[in-house]
Amino acid sequence: MQKQQGALFMRIAVLLSVLLLLLLQGASAEADADVAAASESNWNDKVKVFTVATEPTDGYNRYYRSARVYDIEVTTLGLGKEWKGGDMQHPGGGFKLNLLRKAISPFKNDPEKIILFTDSYDVLITAPLEEIVEKFKDSGAKVLISAEKYCWPDKSLANAYPEVEGKASRFLNSGAFIGYAPQVYGLLEDPIEDTADDQLYLTKVFLNDAKRSKLGLKLDTQSKLFQNLHGAKNDVKLKVDLESNQGVLQNVDFMTTPAILHGNGLSKVDLNAYANYLAKTFNGVCLLCHENRLELDNTNLPVISLALIAPQPVPFYDRFLEGIRKINYPKKSLHLFIYSNAALHDDDTKSYVEKHGEEYASAKYILSTDELDERQGRQLALDKARLHNSDYMFYVDADALIDDGEVLRELLALNKQFVGPLFTKHHELWSNFWGALSDGGYYARSHDYVDIVKRDLLGIFNVPHVTSIYLVKSSAFDAMSFQHKEFDPDMALCESLRNAGIFMYISNQRYFGHLVNTDNFNSTVTRPDFYTLFSNRYDWTEKYIHPNYSQQLNATYPIPQPCPDVFWFQIVTDAFCDDLVAIMEAHGSWSDGSNSDARLEGGYEAVPTRDIHMKQVGLEPLYLKFLQMFVRPLQERVFTGYFHNPPRSLMNFMVRYRPDEQPSLRPHHDSSTYTINIAMNHAGIDYEGGGCRFLRYNCSVVDTKKGWMLMHPGRLTHYHEGLLVTEGTRYIMISFIDP
Ligand SMILES: *[C@@H]1O[C@H](CO)[C@@H](O)[C@H](O)[C@H]1NC(C)=O
Ligand SMILES: *[C@@H]1O[C@H](CO)[C@@H](O)[C@H](O)[C@H]1NC(C)=O
Ligand SMILES: *[C@@H]1O[C@H](CO)[C@@H](O)[C@H](O)[C@H]1NC(C)=O
Ligand SMILES: *[C@@H]1O[C@H](CO)[C@@H](O)[C@H](O)[C@H]1NC(C)=O
């Protein structure tokens with residue numbers, strides 16, 4: 001997914017790095033806002049700005065905000081009314097023009113008054129009125145209408161348009177226009193049905209030569225004021241304005257900086273991406289992040305449906321559930337729903353609900369035996385949320401491990417219809433969002449993807465696709481759908497939200513957790529998590545390496561020495577021991593304890609034990625890595641001056657001692673430079689007797705501790721024996737290092 005996209009990508013990446021650098025460098029340019037304020041009322045008097053919106057969608061709110069940050073007063077027509085002009089996706093329609101005609105009629109005889117009309121759901125204003133009017137006046141038109149590259153809806157009219165040069169936009173787009181009140185009124189003079197096409201209507205007026213010259217109509221073919229983005233991807237570039245340290249969108253064909261941007265047609269996702277940096281959302285820091293935040297009232301918290309989704313086996317499901325426990329939110333305000341479609345996770349799922357279910361407002365689980373597919377599982381979670389009248393749904397997939405329990409409150413505070421925290425695989429560019437879409441609706445890398453993932457840019461970003469962990473407000477529930485004939489449920493959901501005009505935000509302001517890597521996860525082996533050191537180093541270490549491991553690397557930390565030159569370390573967790581013993585016992589082919597051993601090169605073992613080699617359970621490479629990562633640094637602490645990296649070890653094996661099998665081992669040297677011996681279970685609990693005696697010093701270690709490792713020289717000085725186990729079973733894990 002993170003494949004490089006060749007030269008184009010590199011070019012954009014370079015550009016963006018420059019952008020980033022500038023954003024970071026610039027002092028917070030509180031541009032001369034106060035000076036501007038003096039004349040703003042004046043401008044709002046001269047120019048009347050109208051838009052049409054029947055619902056305050058995310059797009060509308062973004063539009064309205066962009067007007068506000070430039071002190072532009074907008075009159076919204078139709079808010080709360082039933083839309084009568086086609087469907088929501090095409091807020092064109094005669095309805096719009098009819099509303100506008102009525103609204104401007106008081107000004108129709110005022111030649112001084114300027115009327116600016118724009119759509120709202122997919123429009124962004126990026127400049128103050130003063131600049132907008134200047135651009136309008138420079139055009140020499142009485143009414144300046146935005147232009148695009150496609151002739152629509154009646155292609156047959158294309159040739160009737162005046163010719164344009166080069167890359168100019170030839171055709172009218174009805175999403176935005178500006179003009180003097182009498183001429184704008186004249187443009188709308190003819191009646192139009194509410195449901196008729198407004199663009200066709202305006203096109204016909206424009207193509208009427210007499211009307212065009214009488215009303216002084218012009219198209220903004222060079223995007224001096226208006227930029228329609230459909231089909232214009234290569235015409236525009238995001239840049240930083242050095243004075244304000246803010247993003248601007250430049251039309252690179254004509255070197256213009258259009259002030260009103262329209263995500264017409266299929267370009268809504270493009271507008272969303274640009275808008276992350278435009279209209280004072282960003283000036284080196286995220287300005288948007290602090291706006292419109294929700295203050296949580298702890299006495300009256302929103303009710304949330306927490307949906308945990310495990311469509312397939314994942315490593316570290318236990319750690320996933322621990323992450324869920326960390327969520328700092330009253331359980332009584334959470335309805336828990338767990339969907340497991342993996343037999344591997346059924347038991348843990350059941351026992352989690354049995355153990356903690358009572359604490360939640362309600363708790364319900366679906367297991368793999370219920371045979372619900374992922375779409376049904378996710379849908380059922382949504383149905384339950386509706387049933388519980390939840391204010392929000394918090395979806396967390398089983399590959400999303402929460403490290404910071406504040407995640408839910410922080411997402412709530414952002415006050416969005418849909419927002420997820422950035423989660424990435426550790427030290428990888430793989431994340432839970434897409435910055436852009438390919439034509440087919442699949443993944444495409446965006447110019448800022450790497451900066452967001454690496455958290456070089458911090459903020460909240462409107463993106464086309466978010467998975468794994470996200471919070472959805474109830475106002476978006478009706479738009480959510482997991483059904484699709486081609487897309488997987490995640491893609492289906494994101495598409496349904498895009499189609500409904502619901503913005504999906506990703507927030508990377510804080511680190512809240514990470515994704516586990518499910519690649520090559522073989523869930524059919526015994527204790528599959530144990531096998532994932534290479535694919536999930538972070539979680540493997542957290543689960544299997546002793547929490548006190550690192551402090552032993554500090555030269556001031558005293559390492560216990562129960563016998564001369566025998567060192568004792570805390571190295572692995574109980575989970576390590578339990579999983580490894582389970583793996584060995586499941587394999588079950590313990591050697592017979594005789595001198596003949598086909599596993600060895602010579603076929604002969606002088607001091608045989610009952611054992612299983614790491615090779616036999618497919619863990620040899622993993623164990624060698626473990627020796628290198630965790631054993632070697634400890635060795636370097638205690639046997640100063642000996643450096644062998646990586647350590648070599650031909651024999652890594654688990655030994656089983658028990659009274660009815662092999663209870664002890666006669667004195668011997670090891671063929672190693674040094675030997676490690678990790679206790680896999682508890683002396684005095686799991687077995688009686690046992691231990692290791694070093695004959696030269698007449699010194700024994702008998703109270704061995706589970707997860708602790710003995711390290712001693714192999715030859716000459718440390719002749720040793722395995723002491724008698726009198727009851728139970730003792731397991732130890734042995735390596736002969738640097739033979
Ligand atoms: C998964 O493990 C099983 C049991 O060891 C093995 O037979 C199978 O080949 C493995 N599958 C993969 C894809 O490695
Ligand atoms: C880690 O070491 C401290 C003493 O330094 C000890 O109190 C604690 O129990 C150890 N942790 C574990 C998990 O053994
Ligand atoms: C090592 O331990 C000492 C004493 O506990 C402590 O002061 C020092 O900061 C530690 N050094 C490192 C690098 O952690
Ligand atoms: C070895 O140590 C044990 C007890 O620790 C003691 O009883 C015995 O006498 C010692 N043997 C020798 C040869 O010193």
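Author: Cys286 is joined to Cys289 by a disulfide, with 2.0 Å from S to S; a disulfide is taken here as a pair of cysteine sulfur atoms within 2.5 Å. In general terms, such a link is a covalent bond between the sulfur atoms of two cysteines. The model is a predicted one, in which local features need pLDDT of at least 70 and side-chain atom pairs count only at pLDDT 80 or more, while totals for chains, interfaces and linings use all residues. Residues are numbered from 1 along each chain as its sequence is written, chains are lettered from A and ligands numbered from 1 in the order in which they are written, and side-chain values use heavy atoms, with hydrogens and water left out.

The torsion about the S-S bond of Cys286 and Cys289 is about 100°, and the disulfide is therefore right-handed. Cys286 has a relative accessible area of 6% and is thus buried, a word that means under 20% relative accessible area, as against over 50% for exposed and in between for partly exposed (1.4 Å probe, protein chains only).

Searching the whole structure gives 2 disulfides. The other link to consider runs from Cys563 to Cys699, again with 2.0 Å from S to S. The torsion about this S-S bond is -85°, and the link of Cys563 and Cys699 is left-handed. Cys563 lies in the loop between helix H16 (537–544) and strand S27 (567–570), whereas Cys699 belongs to strand S34 (residues 699–701), so this pair ties together parts that are 136 residues apart in sequence. Helices (H or I, at least four residues) and strands (E, at least two) are DSSP runs, numbered from the N terminus. Both Cys563 and Cys699 are buried.

When the bonded cysteines of the protein chain are numbered in sequence order, the pairing reads 1-2, 3-4.

Two further cysteines deserve mention. For Cys692, the closest cysteine sulfur is that of Cys563, at 7.9 Å, which is too far for a bond. Cys692 counts as buried because its relative accessibility is 5%. Cys494 likewise counts as buried, at 0% relative accessibility.
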